[in-house]
Amino acid sequence: MAAISSFSEGDLLCPQCTEVYCFPVLLQCGHNVCRVCLHKYWEWKGCRECPVCCAVSVLGRPPINLELKIAADKYQVQRTNRNTDVCFLHNEKLKIFCQNDEEPICLVCQTSKQHKVHECCPVQEAAQQKKEEISIALLSLKKKLRMLNNTKEHWEETKTYIQTQTSMNEKAIKEEFEKLHLFLQEEEKSRLKLLKLEREIKIQVMCEKLENIKRQMKTLSSTISDVEAALTAKDLPFLQDYKQTKKRAKCNIQEAECIRDILINSAKHLQSLKFEIWKKMANIVKYVPITLDPNTAQSNLKLSEELTCVQYSTKQWQPDNPERCTSRVCVLGATGFTSGKHSWTVDVGQGKDWYIGVAQESIKRKSTVFLNPTEGFWVIGLCNGDSYWAQSSPRTKLTLKQKLERVTVELDCDKGKVSFINADDLTTMYTFKDKFTEKIFPYFSPGLCEEGRNSSPLTICPLTITVDVK
């Protein structure tokens, strides 16, 4: 205890690491530093300066301060084994709490140099105050734990949904490739059938030609045999049969004809084979300028036809990811635009309520907003099945001669224009003019489901596919 009494608690702390000394060494300037701390400081500094006063030490190894080391070691032992109610320095009851150092001290410590200017209060009062402080912190920790638990559950559901999405996409991909495989198989069968038909026809022609030439050969062989026999006869019989033999020797056998175009027309079957099949595939494939993004779709929406058709349906669980629209029954296009001209045509079906147009990327997707340019929407729609409106601010009623069936949306990002055109008579119904400062996405909101009936879908119309060769 005597060794410790000659040092205050502050004297036992290293000025470099602020921990209780471990092998303190004494520098020439009189300051003590942990040996490990000193060497690290010197390596970092690049010279032998004192960490406290920057005085340069001469060459040589600084000696260990044995008295200070013994005091520090005893302090460590006593701090570990001390009575928690008694000050290990002065053996007095811990009745005061130092607010600055945030530790209980005794009355002697309060009057010491270390705590004399510190703010102190009774232990009971400090305990009450600190317990309230810790209780508030505990509530915050519990709130964070609940948030983490909710996030964990949400992420686990999202993980499961990702697997479900993968299975659904895998099934859709396989179905589409099955259609392509079936088309190619049918095309292969058709082309092989034509090849076999040509082979059978030309084989039949060759068989008939061969039969004919065989008959001619047989006739000619018989004539040759008769003429040879006549030549071996005696003079008188030969001359008696001369006219007949001469007639036979002049047997009119036609020369073998030159058969043209009898070989398989390989050029017809193989010429630009892949290209010709590719052209025919235009009849079974569709191309649309935009597709829908299922990760933005409200949970009551069902997407189909290779993500080109949307309609209201039975609610399905979907993760509430940041991109998903939950405040409105809508879905965005998969591709956004920041420049250039873009257009697409929508078949609005027979729904009584729908909205189509464009929306900016930063729209509020989780809270209710108005469908107007101020909130980042440039759309038109049908309300209650009898009136068409442009959702301007204030909204504008559209006067139309007949019910809309197909609407073309034309977006000009550079000029800040969104035009809505009746695709049947090509009349412009309304044009928004604004300044776009961020990415713009196509916007679709189909009507709700009527009782006992499926909702009418909104369908993006495919473009006509043409194959040009240059």
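Q: Where is Thr223 placed, and why is Thr223 called buried or exposed?
A: In this predicted model, Thr223 is part of helix 5. Its relative accessibility is 13%, and buried means under 20%, so Thr223 counts as buried.

Q: What makes a residue a contact of Thr223, and which residues does Thr223 touch?
A: Contact means heavy atoms within 4.5 Å. With residues up to four places away in sequence not counted, Thr223 touches Arg248 and Cys251.

Q: Why does Ala230 count as buried?
A: Ala230 lies in helix 5, which runs over residues 123–231. The relative accessibility of Ala230 is 13%; the limit for buried is under 20%, so Ala230 is counted as buried.

Q: Which residues is Ala230 in contact with, leaving aside neighbours within four places in sequence?
A: They are Phe238 and Thr245. Thr245 is 15 residues from Ala230 along the chain, and the C-alpha atoms of the two are separated by 7.1 Å.

Q: What does helix 5 supply to the lining of the largest pocket?
A: Helix 5 gives 12 residues, the largest share of that lining. Strand 6 (301–304) also supplies at least two residues.

Q: How many residues line the largest pocket, and which lie nearest its centre?
A: The lining has 27 residues, and Ala172, Leu303, Ser304, Glu306 and Leu307 lie nearest the centre. The volume of this pocket is about 1,100 Å³. By class, 13 of the lining residues are nonpolar, six are polar and eight are charged.

Q: What makes a space a cavity, and how many of 30 Å³ or more does the structure hold?
A: A cavity is a set of points where a 1.4 Å probe fits but cannot get out. The structure holds one cavity of 30 Å³ or more. The largest cavity has a volume of about 50 Å³.

Q: Which residues line the largest cavity, and of what classes are they?
A: Among them are Cys325, Arg328, Lys364, Phe377 and Tyr443. By class, the lining has six nonpolar residues, one polar and three charged.

Q: Which residues of helix 2 are buried, and why are they said to line one face?
A: In helix 2 (residues 35–45), the buried residues are Cys37, Leu38, Tyr41 and Trp42. Seen down the helix axis, they fall within an arc of 130 degrees, so they line one face of helix 2. Strand 1 (24–26) and strand 2 (32–34) are included in what covers them.

Q: What does the face of helix 2 turned away from its buried side carry, and what follows the helix?
A: That face has the exposed residues Val36, Lys40, Glu43 and Trp44. After helix 2 comes Gly46, with a positive phi near 85 degrees.

Q: Why do strand 8 and strand 13 stand at the edges of their sheet?
A: The sheet is open, with six strands in the order 8-17-10-11-12-13 and antiparallel pairing. Strand 8 (331–332) and strand 13 (396–398) each have a single partner strand, so one side of each lacks a neighbour in the sheet.

Q: How do you know that strand 11 and strand 12 pair?
A: Pairing needs at least two bridges. Strand 11 (residues 377–383) and strand 12 (residues 387–390) have four bridges in the antiparallel sense, so they count as paired. Leu382 has Tyr388 in strand 12 as its bridge partner.

Q: What makes Asn422 buried, and which residues does Asn422 touch?
A: The relative accessible area of Asn422 is 4%, and buried means under 20%, so Asn422 is buried. Beyond residues up to four places away in sequence, Asn422 touches Leu404, Arg406, Thr427 and Met429. Thr427, in strand 16, is also the bridge partner of Asn422.

Q: How many residues lie between strand 15 and strand 16 in their hairpin?
A: There are four, and Leu426 in the turn has a positive phi of about 60 degrees. Strand 15 and strand 16 (residues 427–433) pair in the antiparallel sense over six bridges.

Key:
Residues numbered from 1 in each chain as written. Predicted model: local features only at pLDDT ≥ 70, side-chain atom pairs only at ≥ 80, totals over all residues. Heavy atoms only, no water. Buried < 20%, exposed > 50% of the residue type's maximum accessible area, 1.4 Å probe, protein only. Arc of directions from axis to C-beta. 1 Å grid on protein atoms, 1.4 Å probe; cavity = no way out; pocket = protein on both sides within 12 Å on 5 of 7 lines; lining within 4 Å. Points joined across faces, edges and corners; volume = space filled by probe spheres on them. Nonpolar A, V, L, I, M, F, W, Y, C, P; charged D, E, K, R; others polar.
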